[in-house]
Amino acid sequence: MPVVSQDLVRSNLAIDQAEVKRRLLSGETLLADTPDHVLEVVGVLESYGEVLDAYSINLIYQAEEQFLNPFPVFKFLDGDLNPAKIWRHLNHDRINFEYAEYCQKAMFWHATGGMDAYLDSPEFAENCRRIIAAKRRRDPLLALLNPLFPGFLPELIRSAATTHALGQFWRVMSDLFLDLAAAERDGRVRSIPQVVDFIKDGLVAAAANPIEYSVDIHGERFWVLPPEAGLTFLVDVAVPYVEAVFLRGMPFLGTVSFNAQAQQISPDQAQFTYGALYADPLPSMGAGIPPSLLMQDMYRHLPEKLHQWYLERTRGEGDVRVKICMSFQKSMFCVTNAAINGTMPHPLSSSDPAAQAANGAYAEAWAQRLGIARTDCLSA
């Protein structure tokens, strides 16, 4: 029996760039509207919403309570040093906050959007100077490190700002996904177009939410991301998050060669395609593969209806994390679809040629990026 190339199968199932563009401009959803897809997307987003609640709480705790702590040994415990909780943590009976940290590092490293522009500004540099001056008064280690490595502490403050901003973003998304599950249960959401619209409306409603962050140092408040920076939820955090985590991502150790001569990793970060929309559904459950950690977290919070649906298919419990990964990928296409619809330059109903041209160019840019993603999952 001839062996069929997985690449060939994938190319036959995938939606091409022209079709992606057509769907975006016609207002159709990227993911096919089927009852199974509704069950998968709503169920996995409900699980994800529970996980994001824990991620958000922990990231904000780290940014506020572990600020410039050179040895944050207990950073994943949210300040609760109960011996039973520490034991469960050591035995991995816990949420894998390492995945949240991976997403934060991806945003920090790719450095896109308005927040990163502010972090390069003289105003932020002055805030860092004032914070470091206050912090080093009672911290001899920081007082020693700062003159020896003058760029080290400002870099940690930049990282803390990204951590807090991501925590704020996930706070909104957690509530939105749990609200979506409630809307599906009471009959307000019954189709994939309604799922996409629900998420889009939530993103638009939160679009102008301010992103602000301050820290307490010896009883005095210092701004890291002040109101004057004018940073907002959608443009300065949500869109850079999609760019860094859904699209670019980071290559995982053990999956590609980091040898420069092998040339498996592009030297241009903008060309990276290691994000959630490109990933093969292959959770290895091995160390260093962040999506595996997320699938495990979501498995712990799966709605029973979706769990039963998984058990009735292929290898039952044996490949449940692979199934979660595939459902999660479909749900992230819906979230991306909602974000694109919510940021389209002009209403799709516009008859103005200039507006239509702008929408066409915007859809074309997205189609080029999504056309090489795992669009084979959109009809599966």
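The model is predicted. It has 22 salt bridges, and its largest nonpolar core has 110 residues. Helix α9 supplies the largest share of that core, 14 residues.

**Salt bridges between separate parts of the chain**

- Arginine 313 and aspartate 36 form a salt bridge in which the closest N and O atoms are 4.0 Å apart.
- Arginine 313 sits in the loop between α13 (304-311) and α14 (320-342), while aspartate 36 belongs to helix α3 (residues 35-65), so this pair ties together parts that are 277 residues apart in sequence.
- Arginine 313 is partly exposed, because its relative accessible area is 28%.
- Aspartate 36 is also partly exposed, with a relative accessibility of 35%.
- A salt bridge also links aspartate 116 to arginine 158, with 3.0 Å between the closest N and O atoms.
- Aspartate 116 is in helix α6 (residues 114-119) and arginine 158 is in helix α9 (residues 152-185), so the pair ties together parts that are 42 residues apart in sequence.
- Aspartate 116 and arginine 158 are both buried.

- Arginine 129 forms a salt bridge with glutamate 126, and their closest N and O atoms are 2.7 Å apart.
- Both arginine 129 and glutamate 126 are in helix α7 (residues 122-136), where they are 3 residues apart, or about one turn of the helix.
- Glutamate 126 counts as partly exposed at 35% relative accessibility.

**The largest nonpolar core**

- Within this core of 110 residues, the ones that touch the most other members are Tyr48, Tyr55, Trp170, Ile199, Leu225 and Tyr241.
- The largest share of the core comes from α9, with 14 residues.
- Leaving out residues up to four places away in sequence, isoleucine 199 touches Leu45, Leu176, Phe177, Leu180, Val335 and Ala338.

**Packing of α9 against α11**

- Two packed helices are described by the angle between their axes and the distance between the axes.
- For α9 and helix α11 (residues 233-248), the angle is about 90° and the axes are 10 Å apart.
- α9 is therefore roughly perpendicular to α11.
- On the α9 side, the contact involves Ala165, Leu166, Phe169, Trp170, Val172 and Met173.
- On the α11 side, Phe233, Val237, Ala238 and Tyr241 take part.
- The residues of this contact comprise 10 nonpolar, no polar and no charged.

- Glutamate 243 is located in helix α11.
- With a relative accessible area of 15%, glutamate 243 is buried, because buried means under 20%.
- Not counting residues up to four places away in sequence, glutamate 243 touches Thr112, Arg248 and Arg369.
- Tryptophan 366 lies in helix α15 (residues 353-370).
- Tryptophan 366 is buried, with a relative accessible area of 15%.
- Apart from its neighbours within four places in sequence, tryptophan 366 is in contact with Leu24, Val242, Leu247, Thr336 and Ile340.
- Tryptophan 366 and threonine 336 are 30 residues apart along the chain, and their C-alpha atoms are separated by 10.0 Å.

Technical notes:
Residues are numbered from 1 along each chain as its sequence is written. This is a predicted model: local features need pLDDT of at least 70, side-chain atom pairs count only at pLDDT 80 or more; totals for chains, interfaces and linings use all residues. Side-chain values use heavy atoms; hydrogens and water are left out. A salt bridge is a side-chain nitrogen of Lys or Arg within 4 Å of a carboxyl oxygen of Asp or Glu. Helices (H or I, at least four residues) and strands (E, at least two) are DSSP runs, numbered from the N terminus. Buried means under 20% relative accessible area, exposed over 50%, partly exposed in between (1.4 Å probe, protein chains only). A nonpolar core is a set of buried Ala, Val, Leu, Ile, Met, Phe, Trp, Tyr and Cys residues joined through side-chain atoms within 4.5 Å. Contact means heavy atoms within 4.5 Å. Axes are lines fitted to C-alpha atoms, for helices over the stretch in contact, and angles run from 0 to 180 degrees between N-to-C directions. Angles under 35 degrees count as roughly parallel, over 145 as roughly antiparallel, 65 to 115 as roughly perpendicular and the rest as oblique. Ala, Val, Leu, Ile, Met, Phe, Trp, Tyr, Cys and Pro count as nonpolar, Asp, Glu, Lys and Arg as charged, and the others, Gly among them, as polar.
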